[in-house]
Amino acid sequence: MNTKRKREDMEIVWQTPANPPERHDYIFRNGVRYVKPYYFEFISHVKNRWAGKTIVDLFSDEFKGRPRDYYESAVKSGRIQVDGRKVSVSYVVQSSQKISHFLHRHEPPVMSWDVEILCEEPDVLTVCKPASVPVHPCGQYRKNTVVGILQAEYGLAPLFPVHRLDRLVSGLLILARSASRADLFRQQIESGVVQKRYIARVIGVFPDKQQVVNANVNYNAREGRSTVEVGDNQGNSTASLKGKAACTKFTRISTNGKQSIVLCEPVTGRTHQIRVHLQYTGHPIANDVLYMSEFVSSRAAEGLSADRAAAKSCSPPDPISRTSDMENDSNEDFSIDPMCTNCPNLAPKGYEGNEEGLWLHCVKYSGPDWIYECPHPDWASLS
């Protein structure tokens, strides 16, 4: 548990990944779920390419989220240690040494929609994942994740996600209650015996006949987006393409003449596959800024701004109403750390918390002897 700190000489309790999220770790404000900042020990080991650098140069070069003077102060104060001991700012690191960075951790906020439990079985849990919430701890997210929230609010742990859902995507998420059960699900997915169904709201009138996109997907981790690669018109080999083979089937469900609801059935599972394949068809997801095609006319995008408020995933109650009881406790002070580069704000720099979910929602996964489903979101109705 965090210890409030008003003077630099007060005791600080440092958390590690072994500390589970708890219900009181969250603050709810205006429909946004924040995590109370907490003290956390990040541990890494010196890579070969880092060896020979001073400890301050290492952090300044590799972790650019904070200024150099912060790292100098952190080393001097013992917030950054090597092999469990304080070192000087001129200390030169060696390969494989353990580096600990003790810092005041601010997690990015997410929307405060419920993680609704759909089905609870002895070895399987299914939930409706709200948009904006990552599935499991990654990057700056630890407690503000589906796995963290389920542990904090329902005491459900351990949980093993069976499949991926992008952070901004909503819908069905299957979690196994054991590693062995998760492995069984993954084997079925990898062998191609699992059918996956999503729905998307796209720009324009989608063709009424089924569209099948067979186009390689190449994900650029640095840019955080995928591109489509196809062979030439002469039918030459695609061996030179860098992307991974990908196939998605699309079927129009309905249209209002400006936008369409489309059933998406990915045969493979590449990063951003449905999003980039819809872009390739000329009908990108209607609020997907990352993949909105440059050639889409302004006429086709009519109504986009007016529809943004409809991106409420999983048809939850009003998020502010849902958290009204908890918001009574949201005025608690949290630890203000004199060395922290994010204090006194709740969110880290660059994160405002008012994100819109993508109009992409997982509705069904089915295997040889099992089926799990999730209700459609409000935006799936074009009326």
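## The second largest pocket

By class, the residues lining the second largest pocket of this predicted model comprise 10 nonpolar, 10 polar and three charged. The lining is formed by 23 residues, and F42, F63, R66, L103 and Q140 lie nearest the centre of the pocket. Two elements, β3 (38-45) and β5 (98-105), each give two or more residues to this lining. The largest share, six residues, is supplied by β5. The space in the second largest pocket amounts to about 620 Å³.

## The largest pocket

The volume of the largest pocket is about 1,400 Å³. Its lining consists of 45 residues; those nearest the centre are R164, L165, G269, R270 and T271. Both helices and strands take part, since the elements giving two or more residues to the lining are the helices α4 (179-190) and α5 (273-281), together with the strands β11 (195-203), β13 (216-220), β16 (259-266) and β17 (360-366).

In terms of residue class, the lining of the largest pocket contains 20 nonpolar, 13 polar and 12 charged residues.

## Residue G65

G65 belongs to the loop that joins α1 (55-62) and α2 (68-77). Is this residue, G65, buried or exposed? Its relative accessibility is 70%, and because a value over 50% defines an exposed residue, G65 counts as exposed.

The C-alpha atom of G65 is separated by 9.4 Å from that of T341, although the two residues are 276 residues apart along the chain.

Conventions. Residues numbered from 1 in each chain as written. Predicted model: local features only at pLDDT ≥ 70, side-chain atom pairs only at ≥ 80, totals over all residues. Heavy atoms only, no water. 1 Å grid on protein atoms, 1.4 Å probe; cavity = no way out; pocket = protein on both sides within 12 Å on 5 of 7 lines; lining within 4 Å. Points joined across faces, edges and corners; volume = space filled by probe spheres on them. Helix = DSSP H or I, 4+ residues; strand = E, 2+ residues; numbered from the N terminus. Nonpolar A, V, L, I, M, F, W, Y, C, P; charged D, E, K, R; others polar. Buried < 20%, exposed > 50% of the residue type's maximum accessible area, 1.4 Å probe, protein only.
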